[in-house]
Amino acid sequence: MKRIGILTAGGDTPALNATIHGAVVRANQLRIEIYGLIKGFNCLFNPSVPHVLLNPLFQAIPELDPTKGGTLIGSSRDYVDANNKEELDIIAGRLERLGIDGLICIGGDGTLNGLQPLAERLPTVLAPKTIDNDLGLNYPSEPDEWVHVTDPSAKLGYRYKRADSSAIFNLDQIVNYVTPGYATAVMVSAQGVERIRTTAESHRRIAIVEVMGRQSGYIALGTAYGQPDVILIPEHPLDIERLVDRVRYLYDLQKNVVIVCGEGIVDDQGNELGAVSRTTDPAGNVALTGAAESLRAMMIELIGDKYFQRYRRGNSAKEAIFTRKVGHTQRGGRPILFDRFYAASLGSKAVELLVEGRNNAVATLQYDAKRGFHVEGYDANRFRDRWGLIHPRFMHPEMYDPQLMKPSKKGIDYLLPIFTDAIGNDDAEHMRQTLFEPGNLAQPYHSINTDVHKRIRYVQTEEVESTS
């Protein structure tokens, strides 16, 4: 293996550059060139295949900074259609002309689904990333639990459903314990909860804070570090009457309540509270908006104006209950130490998988009580269900206490190894030195894209010339 291609796909996370950096460092040690493919899978549809040599003379380019969020080679939500054989052959030909011997895709479950047809044409592996923490398995046999249920209203005449599990859940058996980007997203969300709390306390309010995660409740669970009063996760249907009773009790006691809800929370019929729109990635993921607002409307109706008027804490329920979204700040900014270190480790492992001759494999971050965190390689085919689809990981029910609406003992045990030493001394020092740097007031922002653009090269072929 003399030359590897690497791309970042799907939504951005704080740890993408760290993953790329880890791959480049390992490639340098093995004397392998590594090309960054610009804008993810979108690059493969461009006849000129825009790319950047990330390690000229086996030295990382200075623009590649693992402490910077986002990705210096760009990303997109394009993907390769497994049924378009002609297009796949063209893409394989383009990579061959570029001299690519193997490909690393950095992404989540959608990317893992999308890279499958490429793995039939050249060695391809995945380095995980997603703030949602939904790439992995609660136990190795989990994909076997997905079944087809006949549904005439569904597009294909069926829908997926999880069968009852007979597996014993053990944290040491989790495949890919945690994904890079998750820890930083939780830190940002937990800080948001802390800051919203003081407003709720000062003005005797009920705050609903919405966090990301699609149908996965991991980010919401992690915000327990910010000490919200109630956490609602997508994996457990909302019991609105129990929630209102809990809110009334807490409001009587402390004159404020902070609720965290995942964006994908559902009612007792399994319907998402927020608006739903289908995305175009190969995992069939959905974009969700408005869960907090929907929950607020339900609480306004059930609690009513008189409750707050009686306490002289507002003229109406609408005034007393407010919502905030943590939003895309969860995806951006400097990754904390945990994410930087293990993202780099996974990038390095992805290079090693290609060198070892592994194809269609995933670099995973494993954890057990004896060894702590360590990286391994895992066959991507083992993530598939019997029909070949890779599903996003759902948080296991044993990690959440639906009565307390908080992490269970097992949920706490899951979080502790990730966050106990997640923030490094340099993280706090970076903020102290840079946030109020006087030069920030006078100098315009300098985008990494400006410098990387100067390094972009293109493949010159008859295909390019004929389309120009």
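Reader: At 15% relative accessibility, does Arg-214 count as buried or exposed, and what kind of model is this?

Author: The model is a predicted one. The relative accessibility of Arg-214 is 15%, and a residue under 20% is classed as buried. Arg-214 therefore counts as buried.

Reader: Which residue meets Arg-214 in a salt bridge at 3.1 Å, N to O?

Author: Side chains of opposite charge can pair when their charged atoms come close. Here the side chain of Arg-214 meets that of an aspartate, with 3.1 Å from N to O. The partner is Asp-109.

Reader: How many residues apart in sequence are the parts that this pair, Asp-109 and Arg-214, ties together?

Author: Arg-214 and Asp-109 form a salt bridge. Asp-109 belongs to helix α3 (residues 109–115), whereas Arg-214 sits in the loop between β8 and α5, so the pair ties together parts of the chain whose separation in sequence is 105 residues.

Reader: Is Asp-109 buried or exposed?

Author: The cut-off for a buried residue is under 20% relative accessible area. Asp-109 has a relative accessibility of 2%, and therefore it counts as buried.

Reader: How far apart are the closest N and O atoms in the salt bridge of Arg-214 with Asp-132, and where does Asp-132 lie?

Author: Arg-214 forms a salt bridge with Asp-132, and the closest N and O atoms are 3.8 Å apart. The pair links distant parts of the chain, 82 residues apart, with Arg-214 in the loop between β8 and α5. Asp-132 is buried, at a relative accessible area of 5%. Its place is the loop between β5 (124–128) and β6 (146–150).

Reader: Which residue's side chain makes a polar contact of 2.7 Å with the side chain of Arg-214?

Author: Salt bridges that share partners join Arg-214, Asp-109, Asp-132 and one further aspartate into one network. The polar contact at 2.7 Å is made with the side chain of Asp-134.

Reader: Which residue forms a salt bridge with Glu-319?

Author: The closest N and O atoms of this salt bridge are 3.6 Å apart. Glu-319 lies in helix α9 (residues 317–320), and its partner lies 114 residues away, in the loop between α4 and β8.

Reader: What distance separates the end C-alpha atoms of helix α4?

Author: Helix α4 covers residues 182–203, which makes 22 residues. At 1.5 Å a residue, the helix should span 32 Å, and the model agrees with this expectation. The end C-alpha atoms are therefore separated by 32 Å.

Reader: Which residue just after α4 takes a positive phi?

Author: Within α4 itself, the buried residues include Tyr-182, Val-188, Ile-196 and Arg-197. Just after this helix, a positive phi of about 55° is taken by Arg-204.

Reader: What radius of gyration does the chain have?

Author: The chain has 15 helices and 17 strands, and 53% of its 468 residues count as buried. Its C-alpha trace spans about 75 × 65 × 50 Å along the principal axes. For 468 residues, a compact globule would have a radius of gyration near 23 Å, and the chain agrees with this, at 23 Å.

Technical notes. Residues numbered from 1 in each chain as written. Predicted model: local features only at pLDDT ≥ 70, side-chain atom pairs only at ≥ 80, totals over all residues. Heavy atoms only, no water. Polar contact = N/O pair within 3.5 Å; in protein donor to acceptor, adjacent residues only side chain to side chain. Helix = DSSP H or I, 4+ residues; strand = E, 2+ residues; numbered from the N terminus. Expected span 1.5 Å × (residues − 1). Buried < 20%, exposed > 50% of the residue type's maximum accessible area, 1.4 Å probe, protein only. Rg over C-alpha atoms; globule rule 2.2 N^0.38 Å. Salt bridge = Lys/Arg side-chain N within 4 Å of Asp/Glu carboxyl O.
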